[in-house]
Amino acid sequence: MKYAELAQKIVELLGGKSNIRQATHCATRLRFIVKEESAIQEQALRQLPGVLEVNQRMGEIQVVIGNEVQNVYYAVNKLVGDSESTTVKEKKGNGLSRIIDTIAGIFTPILPALCGCAMLQAVLVILTTLNWVATDSTTYQIINYCSNVIFYFLPMLLAFTSAKKFNCNPYVAVILAGCLLHPDFIAMTSAGTPITLFGLPVTAASYSSSVLPIIIAVWIMSYVERFADRVTPSFVKYFIKPLITLLIMIPLTLVIIGPAGAIGGNYLAMLVAWLQEQAGWLVTIIMSVIAPLIVITGMHYALFPLVFQSLASLGYVVLMGVTGLATNLGQGGACFAVALKTRNKEFRQLAVSAGLTACFGISEPALYGVTLKLKRPFWAVLASGLTGGIVAVVTSLKAYTFLSPGLMAFPGFIAGGTSNMLAFLACCVVSFATAFILTWVLGFEDVIENSTSSAGMPAPATSSNVISAVEETILTPVSGQVVTLSTVQDKIFSEEILGPGLAIQPQDGQVYAPADGTITALFETRHAIGITTETGLEILIHLGLDTVNLKGEGFENKVAKGEKVKAGQLLATMDLARLTALGYDMITPVVITNGEQAQIERLANEKAQAQTPLFRVKRGGSNA
């Protein structure tokens, strides 16, 4: 699906342009804030080709796209406009969720700049290691200071993104950050003489690369600005409002907030150092194992202050830089095992692409598109975090810059010398191999995600387990006239793309189980039911054509997904008269979706009653 087409469908399923208040994106996800959540068609969003997952949290809708997120975002932005400046009222949530959401909103927009400067530092390390650039040359000096720009002026960038998050003027916030970084202020604090402002003492502190002081200052500024807006007459608001804001915030920031934030940063540095000294090995192993779970919840954003404080105070980082490395390579190993073992060509391509992306440091496509979906490979990934974490602890692995943890982050480990580079390679190999081997041994159910009928229904999963020789009688699920699939006005069924079977033109709305088995596919739209029999046959009962568009209207399920059923048990009812009156063809195909090389022997006459034999399936043992 092209970017413009995908963007159009995403916007439509979110309730249209008028329902979208804000649209942003991060490395793999589109992030929307909408007016009415009830207008969102979440299940339909999940079924869009190109969408890996959909999450809702505190009013924010996260549509996981993967590597192509930026291209899709550009297409979305053309439809809804630049909404970053839209004032959005934050929804309530528990304290931890709100903190995480705030940190994510502040740091996510600057991640491309952070990664770019970090890679520039990594390139400089390579150039000096290979003796292509001398450390005393002006070339080195220029590249070095350019790569440090993001970290030196980090408070200014955080001021801008914090203002966006706290809904105040971002340009006034940048001025506030500039007051902390101006060369004259730095010279005054370096001179060692007492500094006062209106008789109030100004603490000599360094705010370059700091995180907490400016975030706290902008948060308080958001309240001061609203106060200034209320007390300022409209005809002078344009220049008096920012004047009042700065007159209040500059003293507050220099005298109270800045020093308090700096003290908080020092304590954060002490915490990082204490963790590294007292329990670094335990923290590393635990974080390596649970890293995928942290990504799922979005809590990895809460670690950013610790990461930057660690780089500033210790010169290296273990959290994320090392702990994320183990599970990212594990995601890659699991995906490549899936790619080699799956029989689905389309899913194989997805697994290879997601595996490469994970190895290079972006895990969401692998996490949502492959391992979490298949379940057992996800457990293999958690195990890879354990083995990779142990290797990292034993070898004292450290990252010396902020990079997305993966193979491309290798230059960020060079500063630690040969032993650190070998430790990096060992962690990668062990993590990848652990997940690959365990995924291969544990196996998985080979899901066909992108085989979609013209009726809008994804084909039920096929099993990767070995199915023994089968000869099973399938009962008629609904009374009516029995016809061949070739007469169905949908080529997905008429050409037996989903598999062999028969179809029934129903005469009533009672739908019964055609065999003993388990309900393995049940959709919110209630228009199709998948059953896996005790012998491993997978049966699809599709109630009418294009009935997915009804969004469940006229249907009622009597069973739940995962429920075991007996042949002849009532599965669902449909209001046949109503559905027919709406113009839908209610012909009901009954298909064996894993019926490769199977023979179908028809047993029913033209007219058949429910719960009587419909056809017999004969099939030899094979891998489904």
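**A pair of strands and a helix**

Guide: In strand β10, Ile504 has Val482 as its opposite residue. This is a predicted model, in which local features need pLDDT of at least 70, side-chain atom pairs count only at pLDDT 80 or more, and totals for chains, interfaces and linings use all residues. Residues are numbered from 1 along each chain as its sequence is written, and side-chain values use heavy atoms, with hydrogens and water left out.

Visitor: Which residue of β18 stands opposite Gly501?

Guide: Val591 stands opposite Gly501. Between β10 and β18 (residues 588-592), which run antiparallel, there are 4 bridges.

Visitor: Why is β10 called mostly covered?

Guide: Buried means under 20% relative accessible area, exposed over 50%, and partly exposed in between (1.4 Å probe, protein chains only). In β10 (residues 501-506), 5 of the 6 residues are buried, so the strand is mostly covered.

Visitor: How do you know on which side of α1 the buried residues lie?

Guide: The buried residues of helix α1 (residues 3-13) are Leu6, Ala7, Ile10, Val11 and Leu13. They cover an arc of only 165 degrees around the axis, so they lie on the same side of α1. The arc is that of the directions from the helix axis to the C-beta atoms.

Notes
Helices (H or I, at least four residues) and strands (E, at least two) are DSSP runs, numbered from the N terminus. Two strands pair if DSSP finds at least two bridges between them.
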